[in-house]
Amino acid sequence: MAKRTRIIEGTWNCTSCDAKKILARHKRCPSCKNPRELTGKESEFDFGEVDHASGKFLREGVTDEKALDLAGAGADWFCSFCEASNRGDGKQCTHCGAERDSDAKEAHADPDEDEDEKPSEKAPAPRRFSRKTMFLLVGALFSCCFGSCLFSQWARATHEEDAEVARSTWRQVIIRERFTPITQEDWQGNLRLTAAVMPVNGAGEVPGVADIRACTRKQRSTRRVADGTERVCSSRTRRVACGTEEKCSRRSKGNGFSEEVCHDVTKYCSESYQDCRDETRYRTEPVMDISCTYDTHEWQQVERTEATGSTEEPRWPAVAQGPLERLRREGTYGITLRYAQGKKEYELTPKTETEYLQWRKAPGARVTVTNMGKALSAVPR
Ligand SMILES: [Zn+2]
Ligand SMILES: [Zn+2]
């Protein structure tokens, strides 16, 4: 990569006579002969516009031998007696003749003058809230949290209360079922001829499989099968090298001249392309099987007899069991407790008749109640 170096000459403005755009090679104002000094921004140079993309000066480079010699003389120094600027390699002030001494100020040559490419110093992030607001917010949040914690703890705490049985109900049902011959259908592979066994006293039965017949082909399910491939494309972008571009860096020499170094660097462009792949294509096809009719047995409900009551002892309705029959029992029970001096009720559903009778026979009950008044559980007393 070729490196190109140029020297660019800045200009300054005289504060003694208002002469503008004086070339840096003049250490004295050509109009009023006053020397350039450090005061009044006289020694701040203007180098003109810079191309934003490349960082290159728009101004022409210096070719003049004398000016190039000045540029190479190092950073200026300012006389400690008369404040005039002098070339960096001079030992005596050209204005008043004084020796350069340790009090002489030196113009500093910036290590890198790429001002407009330097990220501007990060401004401190603005504080969203003042410290006081923050304090109040945190305080409010804390006391709110703490308060609701205390409250929920109080609300969850429980105590025990006396209760009495206010109401009770029971329902006892007998379902009479008969082992009945039926005709069913199933896939041939599931069927195996089995002799039926009739129940004795409602138990020991086998449904059986008999007279497998009328077998026909039917669709049982579907399946996905590969059916060739298809080309699937999508648009994507990628970075590709597309020639070169010029990039320049600049360095102030501290004497009104700036050194510019330019390189040709690879330029990247974004290019769109088609990304294509072969993907398997699928189709669905039916899966066939053989379905047959056969004879078997199942329990079918013949009759449902129900008895209900509240204060009386639960009883099962009287139902006679015929041959090939069985009786199934279903009992549901309810107990309502009254607590909080009779103001609140708590519903219980005992699982069995025994449990129900335990509640019925107890003189009272104890309920566990939250401070919010909700009953959680109860035991007979
Ligand atoms: Zn002047
Ligand atoms: Zn001097």
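Buried residues make up 15% of the 381 residues in the protein chain; a residue is buried if 20 or more other C-beta atoms lie within 10 Å of its own, exposed if 12 or fewer, and partly exposed in between, with C-beta atoms placed from the backbone. This is a predicted model, in which local features need pLDDT of at least 70, side-chain atom pairs count only at pLDDT 80 or more, and totals for chains, interfaces and linings use all residues. Residues are numbered from 1 along each chain as its sequence is written, and chains are lettered from A and ligands numbered from 1 in the order in which they are written.

**Overall form**

- The protein chain has three helices and 13 strands; helices (H or I, at least four residues) and strands (E, at least two) are DSSP runs, numbered from the N terminus.
- The chain is more spread out than a compact globule, because its radius of gyration is 52 Å, well over the 21 Å that the globule rule gives for 381 residues. The radius is taken over C-alpha atoms, and the rule is 2.2 Å times the number of residues to the power 0.38.
- Along the principal axes, the C-alpha atoms fill a box of roughly 140 × 75 × 30 Å.
- Of the contacts with a separation of 6 or more, 67% are between residues 24 or more positions apart; two residues are in contact if their C-beta atoms, placed from the backbone, lie within 7 Å.

**Confidence**

- The average pLDDT of the protein chain is 89, and 94% of the residues score at least 70; pLDDT is the predictor's confidence in each residue, from 0 to 100.
- Residues 112–126 have a pLDDT below 50, and this stretch has eleven contacts in the model beyond near neighbours in sequence.
- Where pLDDT is low, the predicted coordinates should not be read in detail.

**Nonpolar cores**

- The largest nonpolar core has 14 residues, and Ala-163, Leu-337 and Tyr-339 are among those with the most contacts inside it. Such a core is a set of buried Ala, Val, Leu, Ile, Met, Phe, Trp, Tyr and Cys residues joined through C-beta atoms within 7 Å.
- At least two residues of this core come from each of β7 (158–187), β10 (325–339), β11 (344–348), β12 (365–370) and β13 (375–380). β10 supplies the largest share, four residues.
- Not counting residues up to four places away in sequence, Ala-163 touches several residues, including Leu-337, Tyr-346, Val-367 and Ala-378.
- A second, separate core has twelve residues, among them Trp-12, Cys-14, Phe-45 and Ala-71.

**The β8–β9 hairpin**

- β8 and strand β9 (residues 257–309) pair in the antiparallel sense over 34 bridges; two strands pair if DSSP finds at least two bridges between them.
- Four residues lie between β8 and β9 in this hairpin, and Gly-254 in the turn has a positive phi of about 80°.
- Ser-221 stands opposite Val-287 in β9.
- β8 is hardly covered, with two buried residues among its 43.
- Ser-252 lies in strand β8 (residues 210–252) and counts as buried because it has 22 C-beta neighbours inside 10 Å.

- Three strands form an open sheet in the order β5-β4-β6, with antiparallel pairing.
- β5 (85–86) and β6 (105–106) stand at the edges with a single partner strand each, so one side of each is left without a neighbour in the sheet.
- Phe-78 has Lys-105 in β6 as its bridge partner.
- Helix α2 (residues 131–156) reaches 37 Å from its first C-alpha to its last, close to the 38 Å expected at 1.5 Å a residue; the expected span is 1.5 Å times one less than the number of residues.
- The count of buried residues among the 26 residues of α2 is zero.
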